[in-house]
Amino acid sequence: RQAYERLQQASQSRYRALVMQCREILGLGGGFEDGKATDFRTGNLNQMLWLFLRLLASREGIEDTLARVDRRQLGAGIESLRERVAGVSDQDGALARSLKATLAIQEKRLANLDTAIHNLAVIDAELERIEQQVRLVREESAVSGSPEALSARLDSVSSTLSETSRWMDQHAELFTDLTSSDLGATLPPMPRAGGEEPPASPPPLPRARPAQRQR
């Protein structure tokens, strides 16, 4: 919930829309006779929501960094430093060493900026993939109405989660603000009809009750 509340309004709306679709999937999938199957279904969706939340937070962090750095100005400064270094007669002197050190710092900043731009593109692609994956699961659940079909489709969701998690592990520095392992234990508030304020403590994704045995 704290991670959700730190997001900007647009990101919060995007996250809430995904939560709504996940709740619809739980309602469309029919009854599972096995409580473990229900746990698997809800757990997968909660993990996906947690990954989505982490990606949104990281996206905002990168965008904030990019907004504070003028790439064109940084590049021009690097070119100016290179010219100054080249114009120093004593390349082993204190002035040359100082200019070269500053140049190395600025070049590292530029490299970091390019990496951030690339990572932002990857994050945007991952966010879109998760959204489309949930839409597909929801549509197929509505069409088939079969718990078996929904379970099979959620197998592909697990694959998506694994791929995204691996990428996030490889770029752990992007996600240092959100390191909790509590995957979706609490969902953000849902909007109420008529524009009312959401409840203070939103419920988690509901777990469908196992079907009662007939006597």
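A residue is called buried under 20% relative accessible area, exposed over 50% and partly exposed in between, as judged with a 1.4 Å probe and protein chains only. The model is predicted, so that local features need pLDDT of at least 70 and side-chain atom pairs count only at pLDDT 80 or more, while totals for chains, interfaces and linings use all residues. Residues are numbered from 1 along each chain as its sequence is written, and side-chain values use heavy atoms, with hydrogens and water left out.

**View 1. Leu 136 in helix α5.** Leu 136 belongs to helix α5, which covers residues 94-144; helices here are DSSP runs of H or I with at least four residues, strands are runs of E with at least two, and both are numbered from the N terminus. Because its relative accessibility is 31%, Leu 136 counts as partly exposed.

**View 2. The aromatic cluster of Tyr 4, Tyr 15 and Phe 52.** Rings of Phe, Tyr and Trp (for Trp, the six-membered ring) pair if their centres lie within 6.5 Å, and the planes count as stacked under 30 degrees apart, edge-to-face over 60 and tilted for the rest. By this rule there are two aromatic pairs. Tyr 4 and Tyr 15 have ring centres 6.0 Å apart and planes at 50 degrees, so this pair is tilted. Since Tyr 4 lies in helix α1 and Tyr 15 in helix α2, the pair ties together parts that are 11 residues apart in sequence. Both of these tyrosines, Tyr 4 and Tyr 15, are buried. For Tyr 15 and Phe 52 the ring centres are 6.5 Å apart and the planes stand at 25 degrees, so this pair is stacked. Tyr 15 in helix α2 and Phe 52 in helix α3 are 37 residues apart, and their pair links distant parts of the chain.

**View 3. The nonpolar cores.** A nonpolar core is a set of buried Ala, Val, Leu, Ile, Met, Phe, Trp, Tyr and Cys residues joined through side-chain atoms within 4.5 Å. The largest such core has 33 residues, and those with the most contacts inside it are Tyr 15, Phe 52, Leu 53 and Leu 55. At least two residues of this core come from each of α1 (2-6), α2 (9-28), α3 (35-67), α5 and α6 (147-170), with α3 giving the largest share, 10 residues. A second, separate core has nine residues, among them Ile 78, Leu 81, Val 88 and Leu 99.
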